Amino acid sequence: MKAITYQRYGGPEVLKLTETLIPEPKPGEVLVKIRASSVNSWDWDMLTGKPRLYRLLFGLFKPKFQILGLDIAGIVEKTAADVSRFKTGDAVFGDISEVWGGFAEYCCVPEERLLHKPSGMSFIQAASMPHTGLLAWQALYNAGPIKPGARVLINGAGGGAGTFAIQLAKNDGAVVTAVDSGEKEGFLRDLGADHFMDYRKTDYTRTGDQYDLIVDTVAQLPPWRYAAILSPQGRFVMIGGRVKSILQLALLGRFFSRTGGKNLGLLVHKPNKNLHLLIKSFEAGKLTPVIDRVYPLEEVPLAMERMGAGMVRGKIIISISGDAGR
């Protein structure tokens, strides 16, 4: 089979199109013929090995996983004898960050990491949803529902998680402020954002406004800056950001939560949990994946360049077969 592999940390130049053996499913696994995958910021982190702290988990000197890609959508090609949830020919999708391997024609996945793909959802749409869609859902709703009129700010609103978060929050009647680069303003307002800030011109923690919920995908500041602009009982949820900010929040988040009644925390992502709720919103016409560009498998390095440059609006898709749009 064809796959995009890498043997050392670096930029897109270390990615190579190679021929390798089709894997055999182990007990509890299914072999999936992949129709589409998607690029996530986590792929970029795994490729570059930065922040270096991540290497403690994913390979100190060289990558633990040689094939990136953690979102897949495809067809079950073969199952292990003990698999009960799927059969050959089933259309499936899911977040496979336990095993990775989405930038390839085939991969083996534990059956519990997959769901049946709805017939009305294309493989491209399905590949865009599991990871960032659920980052958005879990950041918004893990602590409870959003009340109509709630003031919600989303930093990094133009990326994968942000574009899902805008739509979900607006579905619940929130007043949404989107923060991203100025070039994305019109696009984000069209998506539903009520207000917009260009992060290069405005520090959203210095405007004097307060928010009931802040979802930050690229946090850069210490927790007290966020606590100061939360309303009483407000929440700040960090999806991602620089290591210093993550460590500060991990150490001091509980202090602010206990002393001020506000809740500041780092999202601990749970792959595929409540993915069925995203499917429900999609089927009701309330949630539409935003697709930035679609690249063929051999152009994964170009897709990664675009991700690394921060130009993405929504999700970048890797089409493994010509019929991924079905």
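## Exercises on a predicted model

Thr5 lies in strand E1, which spans residues 2–5. Keep in mind that the model is predicted, and let us start with this residue.

**Exercise 1. Describe the surroundings of Thr5: is it buried or exposed, and which residues does it touch?**

Step 1. Look at accessibility: Thr5 has a relative accessible area of 12%, so it is buried.

Step 2. Leave out residues up to four places away in sequence; Thr5 then touches Val14, Leu15, Lys16, Thr18, Gln66 and Ile67.

Step 3. Turn to the side chains: those of Thr5 and Thr18 are joined by a polar contact of 3.4 Å.

**Exercise 2. Find the nonpolar patch on the surface and say which residues form it.**

Step 1. The patch consists of Leu53, Leu56, Leu57, Leu60, Phe61 and Leu247, and together they have about 700 Å² of accessible area.

Step 2. Take Leu56 as one of its members. Leu56 sits in helix H2, residues 55–58, and with 63% relative accessibility it counts as exposed.

**Exercise 3. Count the salt bridges, then examine the pairs formed by Lys87, Arg189 and Asp203.**

Step 1. The count comes to 13 salt bridges.

Step 2. Lys87 pairs with Asp90 at 3.1 Å, N to O. Lys87 is exposed at 55%, whereas Asp90 is buried at 10%.

Step 3. Arg189 pairs with Glu185, with 3.0 Å between the closest N and O atoms. Both belong to helix H6 (residues 185–191), and because they are four residues apart, about one helical turn separates them. Arg189 is partly exposed at 37%, and Glu185 is partly exposed at 31%.

Step 4. Asp203 pairs with Arg206, their closest N and O atoms being 3.9 Å apart. Here Asp203 is partly exposed at 29%, while Arg206 is exposed at 59%.

Step 5. Finish with a network: Glu183, Asp198 and Arg200 are joined by salt bridges that share partners.

Definitions and conventions
Residues numbered from 1 in each chain as written. Predicted model: local features only at pLDDT ≥ 70, side-chain atom pairs only at ≥ 80, totals over all residues. Heavy atoms only, no water. Helix = DSSP H or I, 4+ residues; strand = E, 2+ residues; numbered from the N terminus. Buried < 20%, exposed > 50% of the residue type's maximum accessible area, 1.4 Å probe, protein only. Polar contact = N/O pair within 3.5 Å; in protein donor to acceptor, adjacent residues only side chain to side chain. Contact = heavy atoms within 4.5 Å. Patch = residues over 30% accessible without salt bridge, like charges linked within 9 Å, V, L, I, M, F, W, Y side chains within 5 Å. Areas by Shrake-Rupley, 256 points an atom, 1.4 Å probe, with all protein chains shown as cover. Salt bridge = Lys/Arg side-chain N within 4 Å of Asp/Glu carboxyl O.
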